[in-house]
Structures are given as structure tokens and as C-alpha cells.
Amino acid sequence: MKIVILAAGIGSRLGNPFPKPLTPLKSGKTILEQQIENLSTYFSFDNINVVVGFKKELIMESLPDASFIYNQFFDQTNTSKSLLKALKKHHIESVLWLNGDVVFEKKLMELLTPYINKNESFVSVNNQEVSDEEVKYTLDSKGFIKEISKTVKNGLGEAVGINFISSKDINFFIKRLEECANNDYFEKGLEMAIQLDGIKVQAIDISKFKCVEVDFAEDLANANKFF
């Protein structure tokens, strides 16, 4: 299994003059450093790849031993294309991927690891909150994800930005990401693979763990409460 962290975006809503994953936390680490520390507790550091774009040199200098993938079109594309670049390098393996602004409790990985070991595609979700701004989802009659986007109506919860695509599903996902428009989020490609290729994606409720995507200053304040 490979791990991909999406850290190419500009992240303008937080107002930093540097990439959002380099936002410092009260732990003394940046968001990205905290992510890698948490992931490295359970998985090999050598399997972690960071997709960079905006001010890539700052991220690369902060993690000189990490592996990087450069999305040279970071200012013209969204997460569908950043993730596509990474998945095409690892198209015969399963991939765990994270948004580069997710601050999460380390033990969350203990919940997700069994699904990874069983090679079952999933999206991590929080069923305690359903905000209009966030990515939401619905389920089909068998309990698998049916729809996933920011525009979903009557969403059952929010996707938190930690996801896994199995080795049996990854090439369907790659095909659909290639069909996405430049401004699409990766959830568009995932939804297309679900609806057109019949892949089965579970919704794993991680609500009992601390996890927040840092888009605004109040999100950062909430994330710092973890420490």
C-alpha cells in the first residue's frame, strides 16, 4: 500500500502566505509533520508520497527525506488532478490518501487499518455533523456509498478527507479521475466509479476520534484543542 497526502493547493481561505499544510500547531509541528508522524506510527515512512504545487520548495525543504510528486498545474486544477498524478504512479497497489489540511488523532488509524488489511475501499466520515460547506454522502440499499459531493441533498454525514482505494478498484478510479474536469474535486471521480463501474466504497464512521479539516481560523483553533 502507498500513502498520498494532497498538499498542492493554495489554501487561500486560511490566509497564510505559505502552503496550508505548513500551518503550525500547538504540538510544535506543522499540520503536515503531524500527519506524517501519525501515519509513520502504523505504516512505513518510505511509502508516503506528498503531492506538492503552491510554493513547493517550502514543503520540500521542511521534509527533506520525504517523497514528492509535483502537480505543475496546481493553480489551474483541483484535487482530482493532483490525486490522479499520484495514483497513476501506483496503479497496481492500494492507496490511502489524505487531504493535506486534516488534523487527526493518531489512534484513528487503528480503526481504519483492518479495512486497509482487507483491501476494502472506504471513505472516512463524521456522522455527528453535516455542514453545507463540506463534502456529504448518501448510502445505497446495501449500505455502500451512493453519492458523495458538496451538493448532496439530505447527506448522512461529512467526509473528513481520509480515504482508501483498494488495488481491485484503483484503475476504475483512475479512469474516472481522467474524465473529471480540471476544477473537480476527487470525490467526483469516486462517485463516477461507484455509479458507472460498480465499485463498492464503505463509509467508516470515525466520529469518536478527533479529526478536523482546517479551512478557516476557527478550524485551526479546534485542531489545536487536540494538543
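I call a residue buried if its relative accessible area is under 20%, exposed if over 50%, and partly exposed in between (1.4 Å probe, protein chains only). The model is predicted, and local features need pLDDT of at least 70, side-chain atom pairs count only at pLDDT 80 or more, and totals for chains, interfaces and linings use all residues. Residues are numbered from 1 along each chain as its sequence is written, and side-chain values use heavy atoms, with hydrogens and water left out.

Entry on Trp97 and Phe173. Both residues are buried. I count rings of Phe, Tyr and Trp (its six-membered ring) as a pair if their centres lie within 6.5 Å; planes under 30 degrees apart are stacked, over 60 edge-to-face, and the rest tilted. I count 6 aromatic pairs by this rule.

Entry on Phe54 and Phe74. I find this pair tilted, at 6.4 Å centre to centre with 55 degrees between the planes. Both Phe54 and Phe74 are buried.

Back to Trp97 and Phe173. The ring centres are 5.4 Å apart and the planes are at 35 degrees, so I note this pair as tilted. Trp97 lies in strand S4 (residues 95-99) and Phe173 in helix H5 (residues 170-179), so the pair ties together parts 76 residues apart in sequence. For these names, helices (H or I, at least four residues) and strands (E, at least two) are DSSP runs, numbered from the N terminus. Which residues form one aromatic cluster? I list Trp97, Phe173 and Phe186.
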